[in-house]
Number of protein chains: 2
Amino acid sequence: MSEESVIAQMERLAEQARTAARATAMANTDQKNRALINAAQFIRKRAEHILAINAAEISKARARGKGAAFLDRMSLNEQRIESIATALEEIARLADPVGASIKKWVRPNGLEIERVRTPIGVIAIIYESRPNVTVDAAAIAVKAGNAVILRGGSECIKTSKALFDCFHEALGVAGLPDGAAQFVETPDRAAVGALLSGLGGRIDLLIPRGGKSLVARVQAEARVPVLSHLDGNCHVYVDRDADPQKALEITVNSKMRRTGVCGAAETLLIDQAVVDKLWPAIASALREAGCELRGDAALYALDPQVALASDEDFHTEYLAPILSVAVVAGVAGAIAHIATFSSSHTESIVTENAETAKRFLAEVDSAIVMHNASTQFADGGEFGLGAEIGIATGRLHARGPAGVEELTTYKNIVRGSGQVRP
Amino acid sequence: MSEESVIAQMERLAEQARTAARATAMANTDQKNRALINAAQFIRKRAEHILAINAAEISKARARGKGAAFLDRMSLNEQRIESIATALEEIARLADPVGASIKKWVRPNGLEIERVRTPIGVIAIIYESRPNVTVDAAAIAVKAGNAVILRGGSECIKTSKALFDCFHEALGVAGLPDGAAQFVETPDRAAVGALLSGLGGRIDLLIPRGGKSLVARVQAEARVPVLSHLDGNCHVYVDRDADPQKALEITVNSKMRRTGVCGAAETLLIDQAVVDKLWPAIASALREAGCELRGDAALYALDPQVALASDEDFHTEYLAPILSVAVVAGVAGAIAHIATFSSSHTESIVTENAETAKRFLAEVDSAIVMHNASTQFADGGEFGLGAEIGIATGRLHARGPAGVEELTTYKNIVRGSGQVRP
């Protein structure tokens, strides 16, 4: 297809979304929940069909030389199909944020002012070859009353489309408009460019879900707001007043529970006042768990077994069993290190000193700041949001885990009895 | 100055703001309030000096052929100086939003999660030749703990700088960092382009204050979030169940109280069921107040005194004593007209029917929706925000009047007792 016709097609699609967004915003909770529950049923019923399409796409991707991790991400099986369906049912059970009152006050002239949650409008989700995102992201967006445009990775676009068809059909059965969820079928990359342009103001929000290169492209080129994070370069700081056992457990869990998640710690900061005392046990626990250690000059001098970390190390989100470690001058040193190197995702302090914790929580300006807890709790499910569309490290609208509530905005309702302004 | 050196200069300035933003975010309420109160004193003390600079700039602008409205906007006098000082004292009295708890919950594993307001960071304010904006906007931004960069219109840049100097000196006396407020002295337009680029991620938010061409340029070219509204094409809808007296008073006040403000009504929608009955009195009151009337075909047929409105009229924010009027098929017709023509600023329904009002307030998706109240209440002061930086019609972060609270974001604080994730 020519680039021009791709753009024309995307404009049509966005215009349909814009129109559908009004009806989707007005849909009642029952209608939306019914759509999600039905979608789960349709997906279960067509599991065999979906798995056959997926198997064909996996073969092709394998033939093209895609690696094991890539193939695993795009692969479905009966169990994964069931978790997709279950996730839909869980999102159906979440409270409907639309229409919820945020705050309400009365002016001296009798005007009642209320801020009420409303959907954002049209949300475009750009993701890689992970078919489950199709349904999961669409369901969260629609539950919050938004119209959604989905653009998935080309390697499993047919699997995603088969899942999407179940979702879309369920929307129709529940009486939601056709344009409430749309799927971009062309693998043409011009379609992504068109979404990033905002299509003449028809897209209100972009959500990239995937690896760093996708997120970086969206952040760099988007002309509309983006909800995303590029890096999760998370820190654990072990303070002089840390409980040694908590310090050890939180450090090991933050780094090693799962190393590939954005909430995994990438750097450990240790207070110079206790490094001699605490490092040996922490180091041996980390090594035992299979973690490679790279220390700054101070740690390197102290422990002949650590490699020497570069500045680059402290900027790196390894997403692997590697930890960079720096010795810092107390909480002030930790705050300064984080201000320089952090990606503003999640940082945790381990200390029994309430004053020190207070200072860290106040002065570290990341989306999530923690006291005596593992950074691996940086997750919408762990926050109790029920389902998350991602974690945002931007500064406006929403920070940290974003769920259905974060996919809404608000309007101001003013109720009077005939007031005019003097 | 060469464009390159302007950009280099702006980068330095933005870097200073970035650094200062951390300290400004940590400043306590007393420090910030002291700065604002002192600034008011400095401005009063130097009134004569400021007025002399202003007089020279007015002469120059007049010689360059600037019109009366332009000259009025840039003019200061003793009374205006006093209101600038008073506004500073009012902003000082507002509650400090930084650190306020938005919500708090406890997870089954004992983790306490709290969302707490934090400053946005570095805010750039781009405005026209209205020297009062210098101090007003800077004060709101700093009260919310942000570092601010000001770029005012070139015709009164010296007046603005003289006011800025008072503000800046007061910040210093209160112990706030030098970079907490900065003023762009070069009249070079490349400086605006540099701000719009975001200066390498150093600017978090842009706020344009001024006419449509300025706002349009910022919205079109900005690579960072913008808080603004382009148009205030506000509607009043008079329903079949309207109280005739309220309909008349609210229409006349919405249009004519002040025609140049963004909350002024530009279009009246009348239910076809009552147009025969209500139009004559409303029309005569509007004409008496000096308003020109332009009706759609239905009204044109009914009233030989109205001019025929074009589609263009219904898209126009007149900011003048002109009103376009359309006859609509009940509340559904009004909602449809608004969806087509509104700029999503403010719309009001006049009706005694609670169900009809409920539908209008739910389905009209503007930043402000009103029932039985004049659209001229679309104002931060009238909302009780104390001071406003502007009215936002974008969909993310803040909608409607934005005050100090809307110039904050939040972070998530997680308090544990050693929890690790299973």
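Domain bounds are those of an automatic or database domain assignment. On this basis chain A is divided into domain 1 (3-227 + 402-413) and domain 2 (234-382), and the C-alpha centres of these two domains of chain A lie 35 Å apart. The model is predicted: local features need pLDDT of at least 70 and side-chain atom pairs count only at pLDDT 80 or more, whereas totals for chains, interfaces and linings use all residues. Residues are numbered from 1 along each chain as its sequence is written, while chains are lettered from A and ligands numbered from 1 in the order in which they are written.

The relation between the chains was examined by least-squares superposition on the C-alpha atoms of residues with pLDDT of at least 70 in both copies. Chain B is superposed on chain A by a rotation of 180 degrees with 0.0 Å of shift along its axis, at an RMSD of 0.0 Å. The two copies are thus related as by a two-fold rotation axis. In chain B, the C-alpha nearest this axis belongs to B:His397, at 1.9 Å from it.

Contact requires that the C-beta atoms of two residues, placed from the backbone, lie within 7 Å. By this criterion, 55 residues of chain B are in contact with 54 residues of chain A. The most is given by E16(B), with 11 residues. Because 98% of the interface residues of chain B are also interface residues in chain A, the copies meet through the same surface.

Within chain A, strands are taken to pair if DSSP finds at least two bridges between them. Strand E9 (residues 292-295) runs parallel to strand E11 (residues 322-328), to which 4 bridges join it; A:Leu293 stands opposite A:Leu323 in E11(A). E9(A) is also joined by 2 bridges to strand E10 (residues 307-308) of chain A, again in parallel, and A:Gly295 stands opposite A:Leu308 in E10(A). From E9(A) the chain crosses through helix H12 (residues 297-302) to E10(A) in a right-handed β-α-β crossover; that is, with the strands pointing away from the viewer, the path from the first strand over the helix to the second runs clockwise.

A:Leu206 touches A:Ala124, A:Ile126, A:Leu195, A:Leu196, A:Val218, A:Ala222, A:Val224 and A:Val226, not counting residues up to four places away in sequence.
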